[in-house]
Amino acid sequence: MALKVAIVGLPNVGKSTLFNALTQTAAAQAANYPFCTIEPNVGDVAVPEPRLEKLAEIAGSKEIIPARMNFVDIAGLVRGASKGEGLGNQFLANIRDCDAVAFVARCFIDDDITHVEGKVDPLADLETIETELMLADLESLEKRVVNLEKRAKTGDKESAQTLRLVQVALTELNAGRPARKVQVSAEDEKAWRMLQLLTSKPALYVSNVDEASASDGNDLSAQVAERAKRDGADHVVISAQIESEIAVLDPAERQEFLETLGLTEPGLNKLIREAFHLLGLQTYFTAGPKEARAWTIHKGDTAPQAAGVIHTDFEKGFIRAETIAYDDYVRLKGEAGAREAGKFRQEGKEYVVQDGDVMNFRFNV
């Protein structure tokens with residue numbers, strides 16, 4: 001499931017430094033001038049999952065394979081991006097290809113790093129980005145109205161549905177609110193997604209703070225946290241500079257460094273997990289002598305849908321899912337113990353998979 005999260009912000013807020021740390025590479029050039037990132041960089045990262053190691057230990061697995069997701073480093077947006085300022089049009093299109101957006105706000109003071117607006121004001125930065133995305137959505141929707149109206153008048157039901165949703169979105173955007181504020185019915189969800197609105201994507205706010213504020217944040221990040229709470233969005237405090245330093249350390253050195261800073265884990269772990277949950281995702285596991293593996297599915301997926309993530313044949317020929325809850329698997333030391341304790345279940349096509357289920361699928365094609 002190749003889901004993408006766009007890392008978005010004004011120039012010089014720490015996006016590329018954060019991206020470099022995420023991917024533990026220097027793939028994105030982090031430099032102190034606007035537009036140092038000309039093409040979007042895509043990084044494939046593992047989702048931190050401590051449960052996998054325990055499963056592998058119990059099952060005697062030779063290999064551990066975590067779930068993965070993609071982060072896309074989008075070059076810095078500037079005021080007027082929706083009209084093509086900077087490299088706006090190109091970058092807005094790159095955001096449109098992503099499933100969610102992580103808005104990075106600069107919450108540190110450093111006279112050696114210039115700010116494109118001339119001052120450090122994270123709320124103003126977020127407002128600038130959101131406004132540009134809303135303006136881009138408005139322009140995109142307004143271009144569609146005339147043709148949709150013509151087709152809707154001919155009795156085209158799909159066009160009529162799309163036109164109705166376009167009008168709903170335009171009303172929201174003209175009121176200065178992002179499209180994610182719109183409540184869409186289940187029957188309209190697919191058509192709504194097809195609009196490909198930038199501001200309908202789930203949002204995560206990331207406060208990039210100085211090293212001293214990495215543990216508890218600061219006054220600037222507190223402002224972002226309040227904005228996130230008001231918007232119903234998730235919020236993560238992180239020091240991109242610290243994360244870039246941690247990324248090149250070996251595990252032992254990394255833990256020692258974190259402890260000196262009063263941190264229990266890298267901030268990136270929190271960021272990846274928040275992005276994972278933001279997309280409405282959860283994990284189930286398979287475990288055996290060959291490998292222990294985490295599989296990504298959407299919350300609410302049924303057993304056949306979960307099987308289809310492994311291979312489409314598993315879903316087509318689904319018979320049943322042999323299932324053990326993670327806690328039972330660990331407490332009872334694996335499948336044999338779970339069977340003896342009556343915790344090994346046979347689940348059918350209607351079963352809704354729970355986060356942490358350890359599963360084996362029976363199928364016939």
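**Exercise 1. The nonpolar core**

Which residues of the largest nonpolar core touch the most other members?

*Solution.* Keep in mind that this is a predicted model.
- Step 1: The largest nonpolar core holds 69 residues, and those touching the most other members are Leu 18, Leu 22, Met 69 and Phe 71.
- Step 2: Strand β5 gives this core its largest share, seven residues.
- Step 3: Now look for another core. A second one, separate and made of 17 residues, includes Leu 141, Val 145, Leu 148 and Val 166.
- Step 4: Return to Leu 22. Once neighbours within four places in sequence are left aside, Leu 22 is in contact with Ile 7, Val 45, Phe 71, Leu 268, Leu 271 and Ile 272.

**Exercise 2. The open sheet**

Find the order of the six strands in the open sheet, and name the edge strands.

*Solution.* 
- Step 1: Reading across the open sheet, the order is β2-β4-β1-β5-β6-β7, with mixed pairing.
- Step 2: β2 (41-46) and β7 (234-238) each pair on one side only, which makes them the edge strands.
- Step 3: From one strand to the next, the twist averages 25°.
- Step 4: Zoom in on one pair. Six bridges link β2 with β4 (residues 68-73) in the antiparallel sense; Asp 44, for instance, has Asn 70 in β4 as its bridge partner.
- Step 5: Helix α1 (residues 15-23) lies across β1, β2, β4, β5, β6 and β7, at about 40° to β2. Helix α4 (residues 122-153) also packs on the sheet, where it touches β1, β5 and β6, and its direction makes about 150° with that of β5.

**Exercise 3. Strand β10**

Why is β10 described as largely enclosed by the rest of the structure?

*Solution.* 
- Step 1: Of the seven residues in β10 (residues 318-324), five are buried, so the strand is largely enclosed.
- Step 2: β10 runs antiparallel to β12 (residues 358-363), joined by six bridges, and pairs with β11 (residues 345-347) in the antiparallel sense over three bridges.
- Step 3: Follow Glu 322: its bridge partner in β12 is Asn 360, and its bridge partner in β11 is Gln 346.

Note on methods. Residues numbered from 1 in each chain as written. Predicted model: local features only at pLDDT ≥ 70, side-chain atom pairs only at ≥ 80, totals over all residues. Heavy atoms only, no water. Pairing = 2+ DSSP bridges. Helix = DSSP H or I, 4+ residues; strand = E, 2+ residues; numbered from the N terminus. Axes fitted to C-alpha atoms, helices over the stretch in contact; angles between N-to-C directions. Contact = heavy atoms within 4.5 Å. Core = buried A, V, L, I, M, F, W, Y, C linked by side-chain atoms within 4.5 Å. Buried < 20%, exposed > 50% of the residue type's maximum accessible area, 1.4 Å probe, protein only.
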